[in-house]
Amino acid sequence: MAVIPVSRKSLSFAERTYLPQIVSGLKTTFSYMFRPKVTLEYPEQRPEIPVNYRGVPTLVKDPQGREKCVSCQLCEFVCPPKAIRITPGEISAEAPTAHVEKAPQAFEIDMLRCIYCGLCEEVCPEEAIFLQNQYSMTGYTRAEMVNDKAKLYELGGTLPDDHFKWDKKKAAEEHGNAH
Amino acid sequence: MFDFFFQLHPFVQGVAKGLAVILVIFPLAGACSLAERKVSAWMQGRPGPNRAIVPWVAWIPFLGKFLQRLGVFHLMADGAKFLFKEDPLPGHVNKFYFILAPVVALIPALTTVVVVPFGAYFNELGAVVPLVLADVDVGLLAVFAVSSLGVYSVILAGWASNSKYPFLGGVRASAQLISYELSMTLSVLPVFLWINAPGMDGSLSLVRVVEFQSQPGFWGGTWFIFTMPLCALIFMIALFAETNRAPFDMPESEADLVGGFHTEYGAFKWSLFFVAEYAHMIIGSGVFALLFLGGWNPLPWVSLATLAGWLGVAGLPLVVGLLSIGIFMGKIVVLLFFFMWVRWTLPRFRYDQVMKLGWQRLLPLAIANLIAYAIGIALIPT
């Protein structure tokens, strides 16, 4: 590697007075006064949420409006800040989804603890918990910041389902090959 | 019409004038702080403060929204905030001087206003009557003498705070202000050499400077910024340094000194420092406009008398007075915008650069300029 000596050009008199440079700087800032503003005026304008955004964790229902969570508690175990608390419950034998056997009796996510890591979504075998677009959780009390089951379903809504896993299982069971 | 006022006891007149100064300069300084926020926002691609609104104004269909977007009600919101928030008094300060410092900042800033003429009208004889609270013959000297007392407040604040950064800010302020005062004073001397022709009564009156710039003819109507551009440049630079404005805002320099001399101040005492700073800016701009931009003359080679003649209002003192005040305030607003424009464009100088510029560049330049103009004026036959 050859060393290339570069001679630094000495400043001209005009440059040493700074004044032409200051004038050109003033021109630049002045032109910026008339450019469109870049501010997003938040409460009125909302940011565009990108796909796969990790917002507030929510519980979702399948397109038939059935509860997807089976209270396996994997999300509760994986949750790094221990924000999720699930009380498992049984599905009554008369219900049409009785073969699913379990559903959460209570499902609470403490949003003061949640770190929005998305591990619950990743670990869920039922695709029942999703971090969706909701990014602004506020409340006046600590109790308000704990999302219970009803709130989680309200936030989550319904998402499309590719598998209908429990329908397939039931069909298989009825046709005699359980596995 | 104003006979009633002039028949009052001089003391009452003085109090009334003092109150007028406070009532005009305080809101103006507040408006400057708002303008500063708006100008900085526009230059940075933001809309700036635009939320505060008074309910009754919000009901006006179009204007209300416009005023809200312009942020004019943030002026009231800011003022109310500074008045009502807790005024902290740190335990480690020298309480007497700590409280004295903002007051000392405000007094010279408001005092200089009285000798700055802000308009003129013509009496029955056609003579120019300046609008000024105290038409003293020392004029500019009074402005310089009183406004430079403002540095004491900065030093006092820095010292009384009993804390590292305010102290450094105070020390910087004292050195900087003394350095630039020299070039500032030297830079305006050619103007007064020029207007004080031999044989006349010597005067430093600012009114006379404006009258000199409103004479008929090409040379008579020329503003001094055209005949003495170097004086105007040096004066402008020194003015930036004297008012502690960027790029010379060494005393506060938030990057290296937290907040400089006002680090320990809050609430109303802090806002007093800013009222003082903006008052200094307003008066500095006013003096610059009087000395170099023709005062209340609307355009170069178009004097106030000419304009009043065109508009046909020369015989109405009140209209001419308001017109001249409007023109003069317009020039001040343009200059204040220039101050803000420069602040949001240039980075701050390093302290040694400030000192080098002041002592090794501006001062010799101002002296050379003075000598050149002294010789020039002596050679021109008048």
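Predicted model: local features only at pLDDT ≥ 70, side-chain atom pairs only at ≥ 80, totals over all residues.
**Exercise 1. Chain B: contacts and overall form**

Task: What percentage of the contacts in chain B with a separation of 6 or more comes from residues 24 or more positions apart? Then describe the form of chain B.

Solution. Start with the ground rules. Residues are numbered from 1 along each chain as its sequence is written, and chains are lettered from A in the order in which they are written.

Step 1. Two residues are in contact if their C-beta atoms, placed from the backbone, lie within 7 Å. In chain B, residues 24 or more positions apart account for 76% of the contacts with a separation of 6 or more.

Step 2. Chain B holds 17 helices and 2 strands. These are DSSP runs numbered from the N terminus: helices are H or I with at least four residues, strands E with at least two. The radius of gyration of chain B is 22 Å, close to the 21 Å that the globule rule gives for 382 residues, so chain B is as compact as a globular protein of that length. The radius is taken over C-alpha atoms, and the rule is 2.2 Å times the number of residues to the power 0.38.

Step 3. Check confidence. The mean pLDDT of chain B is 82, with 95% of its residues at 70 or more. Within chain B, helix α1 (residues 3–6) is lowest, at a mean of 68, and helix α12 (residues 229–242) is highest, at 87.

**Exercise 2. The cores**

Task: Which residues touch the most other members of the largest nonpolar core?

Solution. Step 1. A nonpolar core is a set of buried Ala, Val, Leu, Ile, Met, Phe, Trp, Tyr and Cys residues joined through C-beta atoms within 7 Å. Buried means 20 or more other C-beta atoms within 10 Å, exposed 12 or fewer, partly exposed in between.

Step 1. The largest core has 93 residues, and F235(B), A238(B), A279(B), F288(B) and L291(B) touch the most other members. Helix α14 (residues 267–292) of chain B gives the largest share, 15 residues.

Step 2. Take F235(B). Beyond its neighbours within four places in sequence, F235(B) is in contact with M184(B), S187(B), V188(B) and F288(B). A second, separate core of 23 residues includes L59(A), C69(A), C124(A) and F130(A).

**Exercise 3. Chain A**

Task: How does the radius of gyration of chain A stand against the globule rule?

Solution. Step 1. Chain A has 6 helices and 5 strands, in the order α-α-β-α-β-β-α-β-β-α-α. Its radius of gyration is 29 Å, well over the 16 Å that the rule gives for 179 residues, so chain A is more spread out than a compact globule.

Step 1. Compute the burial. Buried residues make up 19% of the 179 residues in chain A. In chain B they make up 41% of 382.

Step 2. Inspect the loop between β1 (57–59) and α3 (74–78) of chain A, where S71(A) is found. S71(A) has a positive phi of about 50° although it is not a glycine. S71(A) is buried, with 23 other C-beta atoms within 10 Å. Q73(A) is found in the loop between β1 and α3 too, with phi near 70°. Q73(A) counts as partly exposed, with 16 C-beta neighbours inside 10 Å.

Definitions and conventions: pLDDT = per-residue confidence, 0-100.
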